[in-house]
Amino acid sequence: MQLFYAPDIVLPHYTLSEEESKHCVRVLRLASGDELHLTDGRGNLYRCRVTDPNPKHCTVEAVETIAEYGKMPYGITLAVAPTKNIERFEWFLEKATEVGVTRIVPVECDRSERRIIKYDRELRVITSAVKQSLKAYHPALDDMTPLRRLIAAPFEGSKFIAHCEENASERLYLASEIRKSENILILIGPEGDFSPEEINFALENGFRPVTLGTQRLRTETAAVAAAVMAAVVNGL
């Protein structure tokens, strides 16, 4: 299945961008009558037929709409401090999208080594992963957000903060705390972990302290591990 992202699609006809038209006609060699799929990123998968295989403005016609294609039975928001090496953060964006995530919030923490991201670039990484992994839901990407602002914001669901404080014996194993079909928010800190003040602020605002296991994980690995745990609990 060839999947193209079309957030602005209006049925029944749609014209691909010049870049995707070229890929469709020159690379995939699709001709009139050949089929491909589009998604609006909101759960709709459209089976389409090529009507005008122009390499600059390829036009297709939707012949079938599948609603809620691949819908996850739960919601997961990952709030992650971007890594100093941006390639590691982009690896996380790609893999989290493949595993399944609802929303990604880059957070600025006391010990953050990166406080700025290129939003459009990171959004393209997610979009590419959506197409490659054949998703009909495009994860939301927030702007860089101060951690305390996110912690204080309302959230309907279970809230967790994963940290590495060695004397935090109260930490629970995340996979054991996630409940099937629930909406969850998980905080993953920077390379130097959350500061004690940030951890206390999160606990004061209803977050539960969790661990991802006995291994010490990098930021991007921990974030993907959290996404995998949620998927496994929900049978995905």
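Tyr-46 stands opposite Thr-65 in strand E5, within a stretch where E4 and E5 (residues 59-66) run antiparallel and are joined by seven bridges. Here two strands are taken to pair if DSSP finds at least two bridges between them, and the elements themselves are DSSP runs numbered from the N terminus, with helices (H or I) of at least four residues and strands (E) of at least two. E4 and E5 form a hairpin that has six residues between the two strands. The model described here is predicted, and for this reason local features are reported at pLDDT of at least 70 and side-chain atom pairs at pLDDT 80 or more, whereas totals for chains, interfaces and linings use all residues. Residues are numbered from 1 along each chain as its sequence is written, and side-chain values use heavy atoms, with hydrogens and water left out.

On its other pairing, E4 (residues 45-52) is joined to E3 (residues 35-39) by five bridges, again in the antiparallel sense. The loop between E1 and E2 contains Pro-12, and the peptide bond from Leu-11 to Pro-12 is cis, with omega near 5 degrees.

A further set of strand pairings involves E12. E6 and E12 pair in the parallel sense over six bridges, with Val-80 having Ile-188 of E12 as its bridge partner. E10 also runs parallel to E12, and five bridges join the two; in E12, Ile-186 is the residue opposite which Phe-160 stands.

The largest nonpolar core comprises 32 residues, of which Ile-76, Leu-78, Phe-92, Leu-174, Ile-186, Ile-188 and Leu-212 touch the most other members. Such a core is a set of buried Ala, Val, Leu, Ile, Met, Phe, Trp, Tyr and Cys residues joined through side-chain atoms within 4.5 Å. Two or more residues are given to this core by each of E6 (75-80), H2 (86-99), H3 (119-132), E10 (158-162), E12 (183-188) and H7 (219-233), and H7 gives the most, with eight residues. Leaving aside residues up to four places away in sequence, Leu-212 touches Ala-162, Tyr-173, Leu-174, Ile-188, Leu-217, Ala-222, Ala-226 and Met-229, a contact being defined by heavy atoms within 4.5 Å.

H2 and H3 pack at an angle of about 35 degrees, with their axes 8 Å apart; axes are lines fitted to C-alpha atoms, for helices over the stretch in contact, and angles run from 0 to 180 degrees between N-to-C directions. In this packing, Ile-86, Glu-90, Leu-93, Glu-94 and Thr-97 of H2 meet Arg-121, Glu-122, Val-125, Ile-126, Ala-129 and Val-130 of H3.

Two residues other than glycine have positive phi values in loops. Leu-134, with phi of about 60 degrees, is placed in the loop between H3 and E8 (140-141), and counts as partly exposed because its relative accessibility is 31%. Asp-193, with phi near 70 degrees, is placed in the loop between E12 and H6 (196-204), and counts as buried because its relative accessibility is 10%.

Taken over the protein chain, the secondary structure comes to seven helices and 13 strands, and buried residues make up 47% of the 236 residues. The C-alpha atoms fill a box of roughly 65 × 35 × 30 Å, taken along the principal axes. Of the contacts with a separation of 6 or more, 75% are accounted for by residues 24 or more positions apart.

How values were computed:
Buried < 20%, exposed > 50% of the residue type's maximum accessible area, 1.4 Å probe, protein only.
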